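Here's a quick walk through one model, from its helices to its pocket. Have a look at the sequence and the fold before reading on.

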Amino acid sequence: LTAKKNELSLERLAVESDIKTQTKQLEISRKNVENLKKDVEKFRIQWKKVNELAFDDNKLICSYCGQKYPVEKQEEVKAEFAKKKDADLKFITDLGNTASKQIKDENSVQEALLKSIDENNAKIEALSAEIAKLEKEISELPTSIDISMTPSYLEISKKIAEKEKSMAQSNNADEIRKNLK
């Protein structure tokens, strides 16, 4: 019973250790989500700023001579601006989407950890109940057992008494020999 109790106690310690590890993982995951949410908000602000950018007509004027670019060049400059703005918006959107996906992934991890922690807590309760049951059984066991009235004990005691009597007689023979000399 004691061996079984010790085995269950070790199992309970292992489960408690698992819970501690999972709790730390959960805490780390929650901090990750918090940081990712801050990142998503930064990306939203950044996206709004880039989206609000308007083309500056001063870019249509040559910085060296001060004259307006030809219409062809003006269209090229406007197209480059629009292309860069679209690329920046797409990049920021991709960053935001990646962060949002990571948040969803972390939330899934958290759900799994919480489920596992609950299952492990249930295991601990079951193990604790089993250990308490074994401790009760152990405490109810007698501390000493009286075997003096069992048939095998009585038989062995009889044989011992016969052997002692036989030894006593052989000692007496030695004494008789000594006395005869």
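What follows covers the ground rules, a helix, a few residues and a pocket.

## Ground rules

This is a predicted model, so to speak of local features we need pLDDT of at least 70, and side-chain atom pairs count only at pLDDT 80 or more, while totals for chains, interfaces and linings use all residues. Residues are numbered from 1 along each chain as its sequence is written, and side-chain values use heavy atoms, with hydrogens and water left out.

Helices here are DSSP runs (H or I, at least four residues), numbered from the N terminus. H1 has 51 residues, which at 1.5 Å a residue should span 75 Å; its end C-alpha atoms are 75 Å apart, so the two agree. That expected span is 1.5 Å times one less than the number of residues.

The buried residues of H1 (buried means under 20% relative accessible area, with a 1.4 Å probe and protein chains only) include Leu-8, Val-15, Ile-19, Gln-22, Leu-26, Val-33 and Phe-43. They pack against H2, where contact means heavy atoms within 4.5 Å.

## Gln-22 and Asn-120

Gln-22 sits in helix H1 and counts as buried because its relative accessibility is 12%. Leaving aside residues up to four places away in sequence, Gln-22 touches Leu-113, Ser-116, Ile-117 and Asn-120. Its side chain also makes a polar contact with the side chain of Ser-116, at 2.6 Å. Such a contact is a pair of N or O atoms within 3.5 Å; within protein, one must be able to donate a hydrogen and the other to accept it, and residues adjacent in sequence count only if both atoms are side-chain atoms.

Over in helix H2 is Asn-120, buried with a relative accessible area of 6%.

## The largest pocket

The largest pocket holds about 160 Å³ of space. A pocket is an open set of points on a 1 Å grid over the protein atoms alone, where a 1.4 Å probe fits, with protein on both sides within 12 Å along at least five of seven lines; lining residues have an atom within 4 Å of a point. Its volume is the space filled by probe spheres set on the points, which are joined across faces, edges and corners.

Helix H1 (2-52) and helix H2 (71-140) each supply at least two lining residues. Among the lining are Val-40, Phe-43, Trp-47, Ile-92 and Asn-97.

Note on methods. Buried means under 20% relative accessible area, exposed over 50%, partly exposed in between (1.4 Å probe, protein chains only).
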